Each structure stands twice: as structure tokens, then as C-alpha cells.
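Keep the 3D view open as you read, and take the stops one by one.

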Amino acid sequence: MYHLKKFNVTSGKYRKLFSSVAKVIDVSTDDKTNITRVYLQRPPVNSLNSHLLTEISYIMDDLEKTKCKGLVLTSNIVNIFSAGLDLTEFYKTDIQKLSNFWTTLQNTWLKLYTATFPTVALINGHSPAAGCLLALSCDYRIMLSPHYTIGFNEAKIGIPAPFWFIEVMQSIIGSRKTELSVLTGQMYKTDEALAIGLIDETAINLTEAESKVNSFFKNIIAFPGKSRSLMKKDCRDHIVQKFLLKKDEERELVIEFIMNPKTQKNIELYFKALQNKV
Ligand SMILES: CC/C=C\C/C=C\C/C=C\CC/C=C/CC(=O)SCCNC(=O)CCNC(=O)[C@H](O)C(C)(C)COP(=O)(O)OP(=O)(O)OC[C@H]1O[C@@H](n2cnc3c(N)ncnc32)[C@H](O)[C@@H]1OP(=O)(O)O
């Protein structure tokens, strides 16, 4: 059974929360503000496997319990925010493992998307597919420029982006831009992402990004009561309700689609292309 331990690691500002043995995330909370930074750190590319998703899920539970004032989701891996789902979870797997993996993804996403506290993605590296979803599920996005990319590239692998990935993107950039984006598997550079509204701000380095994160929280932290979280719920509820209604059916469709030998072949070819790139 997993338990999150908290203890002060310095005499001052930050306390650290340690997760399980293999630390695929690092978590630190500012004592003064009660804002928590969660750093993804699963080498080489922060691909989201069951373990990493479960860790994120536990942290989300803990942050809700401890009345967190804000979450910053970012990465400790140079040049990578997250490479999206770990494709090894899809390749040469079995139905039970795949079913468990998909359930973990669904449940973890729901916790992030419906977090009652404000959430910011500090996108300090490439962010394809489910990496992009993680960022889009936060309330605000600040991305380092100029050379990182973000978007739903699933079409290029030969697997459709799930309906809720698409709906989250639609809610941010609108239907037409989303359709163009997902059907072409478009990956956007930082400035392009800003131009279409996929991210909210850019930053030229981490210092500037952190200062923009702080401004975001400063602007909202003084708001009294729960009005912000109630309105966030209202803004997102249509997607959440549809997701809850369809999540079991979707899991079955995903299993059928991924276990299909043609899909397996596409994933294999994609892996080879990734490994052979110069
Ligand atoms: C009718 C149907 C109805 C319903 C069906 C509904 C749904 C369909 C079913 C399922 C939907 C599934 C949705 C999936 C969403 C996803 O997230 S899929 C994952 C997509 N991710 C990617 O495509 C990212 C690929 N990676 C990259 O582009 C680059 O690696 C990246 C830019 C992130 C970093 O580049 P770089 O720093 O140069 O690193 P490398 O490319 O050299 O990679 C290092 C090693 O990491 C391995 N790797 C990279 N990405 C992944 C990954 N996502 N999973 C597993 N492994 C990955 C890469 O192979 C290298 O390994 P090596 O060192 O060569 O062994």
C-alpha cells in the first residue's frame, strides 16, 4: 500500500514529498504558499506507463486532501515534458494488462482535469500526444520557446486520439482548428501553439517561466471562497459527464483496436522509425 510521506528537507521554504522507491516524479511544496511543483522524471522521455500514471494519481489524491493551493506540472528531463503514453504498454501486451493500463490512464486524467485547485503546466520540453493532453488538462499553460513542440500526433502512428483528448483540445482552440490539428497529426512549435491558443504564454527561459507561473497564481490566490473551482467544474462538466458515460465502452474499443494485428504492426513500424531516426 502506497503512502505519501511529507517532511521538511530544508529549514526553509520547501518541503518535499517522497513517493515510491523508483522516483518517477519529484514533488515539492512551498510552505508559504502551499503551491506544489510536480516534476516528471521517468527517463528517457517521461513516457506515461502504468507506474508513472499511478504516481501522478496518488499525488492528485494527496493534493486534494491537503487543500493544495496550486499545482505546477513540469519535467526534470532535459528537453522533454512528456513523450505521451508509453508505447510499450500497447505493444505485444495482453488484454488484462492493457485494460488495467487504460483504466489507470482514464482515472488519472480525470483527477488532473477535475482538480479543485488551480493547475499550471510549465511545458519545458516536447509534448506530443498524451503529453499534450496532460498540459491541456491543466488550467494554464506556459511553454518554453523556441524549439519545443506540442500537439496530438496520433494520426502519424496510425491510432486515433481518444474522443476526450479531442474534446479537451476543442474546448481550448475550437472545433475547426482541432479537426485540422488531429487529422494531420500536427505538432506545433511554441510560437505556433501560442498563435492558435493551445498555450497561454511563452517564456524564453525557466526563470521567465517561473515568474509567469508566480504571476498566474498571484492573480487568483486572493480570490475568496470556492467560486473559481465551481466555475471550473461548470466549464469542464460537459466533457467529464460524457467521459464518465462512455469510459467503459471506450476501454473495450481501445482494447479491440490496439490488439488488432494491423495496429500492432503500425506500432512496431513507428518504434523502428523512432529508433532509426538520425
Ligand atoms: C474504431 C476505434 C475506436 C476507438 C479507439 C480509440 C482509441 C484508439 C486507441 C488508443 C489511443 C492511444 C492514444 C495514444 C496517445 C499517445 O500518447 S501515443 C504516444 C505518442 N508519442 C509519440 O509519438 C512520441 C514519440 N517520441 C518522440 O517523438 C521523441 O522520442 C521525443 C520528441 C519525445 C524525444 O525525442 P529525443 O529526445 O530525440 O528522444 P528519442 O526519440 O531518441 O527517444 C529516446 C528513447 O525513448 C523511446 N521513446 C520515445 N517516445 C516513446 C514513447 N511514447 N513510448 C515509449 N518509448 C518511447 C525511443 O524509442 C527511444 O528509445 P531507444 O533509446 O531508441 O531504445
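Predicted model: local features only at pLDDT ≥ 70, side-chain atom pairs only at ≥ 80, totals over all residues.

A polar contact here is a pair of N or O atoms within 3.5 Å.

**Around the ligand**

An oxygen atom of the ligand lies 2.8 Å from a polar backbone atom of Leu-85, so this pair falls within the 3.5 Å limit for a polar contact. Side chains take part as well, and the table puts these contacts side by side.

| Residue | Protein atom | Distance to an oxygen atom of the ligand |
|---|---|---|
| Leu-85 | polar backbone atom | 2.8 Å |
| Asn-153 | polar side-chain atom | 2.9 Å |
| Tyr-270 | N or O atom in the side chain | 2.5 Å |

How much of the ligand's accessible area does the protein cover? On its own the ligand has 1,300 Å² of accessible area, and the protein covers 73% of it. In total, 30 residues surround the ligand, and the closest are Ala-83, Leu-85, Leu-87, Tyr-270 and Lys-277.

**Aromatic rings**

Next, turn to the aromatic side chains. The model has 12 aromatic pairs, counting rings whose centres lie within 6.5 Å. One of them joins Phe-90 and Phe-101: the ring centres are 5.8 Å apart and the planes meet at 85°, so the pair is edge-to-face. Phe-90 belongs to the loop between strand E6 (79-80) and helix H2 (95-113), while Phe-101 is in helix H2 itself, so the pair ties together parts that are 11 residues apart in sequence. Both Phe-90 and Phe-101 are buried.

Trp-109 is buried, with a relative accessible area of 4%, and Phe-243 is buried with a value of 0%.

Elsewhere, the charged end of Lys-246 sits over the ring of Phe-163, 4.7 Å from the ring centre.

Leaving aside residues up to four places away in sequence, Ser-75 touches Tyr-39, Leu-40, Asn-46, Ile-80, Phe-81 and Asn-124.

**Backbone details**

Finally, look at the backbone. The peptide bond from Pro-43 to Pro-44 is cis, and Pro-44 is in the loop between strand E4 (35-40) and helix H1 (50-65). The bond from Ser-145 to Pro-146 is cis too, with Pro-146 in the loop between strand E9 (140-144) and strand E10 (149-151).

Asn-34 is not a glycine, yet its phi is positive, at about 60°. Asn-34 is in the loop between strand E3 (25-30) and E4, and at 18% relative accessibility it counts as buried. Lys-67 also has a positive phi, near 55°, and is found in the loop between H1 and E5. At 64% relative accessibility, Lys-67 counts as exposed.

Technical notes. Residues numbered from 1 in each chain as written. Heavy atoms only, no water. Phe/Tyr/Trp six-rings, centres within 6.5 Å; stacked < 30°, edge-to-face > 60°. Helix = DSSP H or I, 4+ residues; strand = E, 2+ residues; numbered from the N terminus. Buried < 20%, exposed > 50% of the residue type's maximum accessible area, 1.4 Å probe, protein only. Lys NZ or Arg CZ within 6 Å of the ring centre and 35° of its normal. Contact = heavy atoms within 4.5 Å. Near = heavy atom within 4 Å. Polar contact = N/O pair within 3.5 Å; in protein donor to acceptor, adjacent residues only side chain to side chain. Areas by Shrake-Rupley, 256 points an atom, 1.4 Å probe, with all protein chains shown as cover.
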